[in-house]
Amino acid sequence: MKRKISLKRLVTLSILLFGGTIVLGYSMLSAHFFFRGMDNIVAGGMENAVLTYLASNQPLAEDELVDFRGAQLSRKWEVQPEEIRRFFATSPPRSGELVKRDDSRWFTRPDNVYFALKVDVENEAVYISRTLSRENVSSLMGRNMADSMRILLGVSALIAVTLILITWLLMRSISAPVARLNNWTQSLTPENLSQPAPDFLYPELNQMAKLIQNSLSSVQRSLDREHRFLRYTSHELRTPISVIRNNIELQYKVLQQTSSSLNPMQRDIADRIDRASITMQHLTETLLWLSREDNEKLPESIVDIDTLLLEITEEMRYLLRDKTVDLSINTQPYQISISAVAARIVIGNLIRNAFQHTWEGEVIINQQGPQISIINRQFNVDIDAIPTELGFGLGLQLTAQLTEKLGWFYQNLADENGHNVILDITSRQTS
């Protein structure tokens with residue numbers, strides 16, 4: 001995976017690179033103009049030597065080489081010293097243009113610097129050459145050059161250090177409030193969300209903090225409304241569900257006492273009401289448990305998983321009535337300390353969904369230790385012809401939330417013919 005660079009580091013490197021480029025560029029430009037100035041001084045001295053010599057009415061023969069004021073003057077380039085002609089392959093091309101060579105190498109200072117100049121005096125060319133070495137350069141000129149270079153390097157270093165210091169102070173003044181904003185955002189909880197946001201120095205950061213707080217407050221209010229709605233609705237539903245359940249049971253008891261029975265159609269209607277009320281009761285209990293605001297650990301007890309699985313299967317067996325479904329149950333004795341209510345809700349949801357949504361096929365329930373596998377398969381059934389009942393699809397969603405809250409492993413693999421559900425009731429979270 002490509003490593004991403006942080007925004008702070010990117011801005012810092014960009015500023016340093018930009019500033020360093022400017023410092024280096026102006027340092028090189030300053031050094032260039034410094035040497036250009038020195039060259040102009042040397043060229044002016046050489047040209048002045050020619051004019052002074054010729055003004056003194058001293059003749060300069062064609063093949064004569066004159067040494068005057070440290071410069072060699074001649075009418076022809078071939079008369080110039082051999083050392084000069086060795087460093088300059090050709091004579092200076094234009095009048096008044098100074099050419100320069102030195103004997104320096106990589107990372108070494110030159111011992112000698114050679115200059116050559118062509119001057120046209122009264123339409124006649126005069127060649128001047130000069131050699132500067134450490135021996136024939138005046139001490140004043142050497143000190144001035146050294147001082148100038150030290151000043152140039154010192155100013156460049158000072159500017160570079162100042163740039164680094166300003167960049168560091170700038171990033172520190174910006175990154176510290178941003179880090180505070182990040183820490184404050186991560187520390188927000190429903191309890192302290194209503195408290196005023198701290199001051200982050202910059203109006204933009206304060207505005208962002210206010211925006212984050214308002215967004216989270218809006219989300220929290222929506223969650224609170226949803227939780228209240230679930231709690232109130234679940235509590236309110238318990239009463240009519242209990243009335244329906246009690247009246248169904250009362251009807252069956254009255255019929256038993258009067259030795260009468262319902263006709264098949266009435267019996268089917270009563271069974272549908274009975275099944276729907278049981279489904280509504282389980283969903284209501286699930287919603288009530290999910291809407292609990294406290295995170296306290298549920299009371300636990302020793303539960304026989306195999307016995308609980310068989311009991312729930314028998315309770316849900318009515319969902320397979322009038323269906324061509326083969327039911328296979330394989331269990332083994334296993335005890336574990338868990339919340340019996342939570343286990344009954346989760347396992348009941350899984351078995352009820354498997355029974356509800358299988359009309360012609362098979363349901364296989366396997367239990368080995370804390371692991372439970374529930375497989376349902378549909379055989380040649382028209383999906384559009386399958387009737388739906390209360391809770392279609394909702395049970396699986398509630399089961400996923402329940403197992404996540406309990407810390408149990410839950411996996412639901414769906415295919416074209418059904419579902420393969422795996423449940424491990426061993427807790428993987430610490431309360």
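Which residues does Gly361 touch, not counting residues up to four places away in sequence? They are Thr324, Val325, Asp326, Arg377 and Phe379, where contact means heavy atoms within 4.5 Å.

## Basis

This is a predicted model: local features need pLDDT of at least 70, side-chain atom pairs count only at pLDDT 80 or more, and totals for chains, interfaces and linings use all residues. Residues are numbered from 1 along each chain as its sequence is written, and side-chain values use heavy atoms, leaving out hydrogens and water.

## Gly361 in strand 9

Gly361 sits in strand 9 (residues 360–368). Helices (H or I, at least four residues) and strands (E, at least two) are DSSP runs, numbered from the N terminus. Gly361 is buried, at 4% relative accessibility. Buried means under 20% relative accessible area, exposed over 50%, partly exposed in between (1.4 Å probe, protein chains only). Gln378 is 17 residues from Gly361 in sequence, yet their C-alpha atoms are 4.6 Å apart.

## Salt bridges

A salt bridge is a side-chain nitrogen of Lys or Arg within 4 Å of a carboxyl oxygen of Asp or Glu. The count is eight.

Asp39 pairs with Lys100, with closest N and O atoms 3.0 Å apart. This links helix 1 (residues 7–55) to strand 3 (residues 99–102), across 61 residues. Asp39 is buried at 15%; Lys100 is partly exposed at 31%.

Asp415 and Arg377 form a salt bridge at 3.8 Å, N to O. Asp415 lies in the loop between strand 11 (409–414) and strand 12 (418–424), and Arg377 in strand 10 (residues 371–378). Arg377 also touches Gly361.

Glu311, Glu315 and Arg344 form a salt-bridge network.
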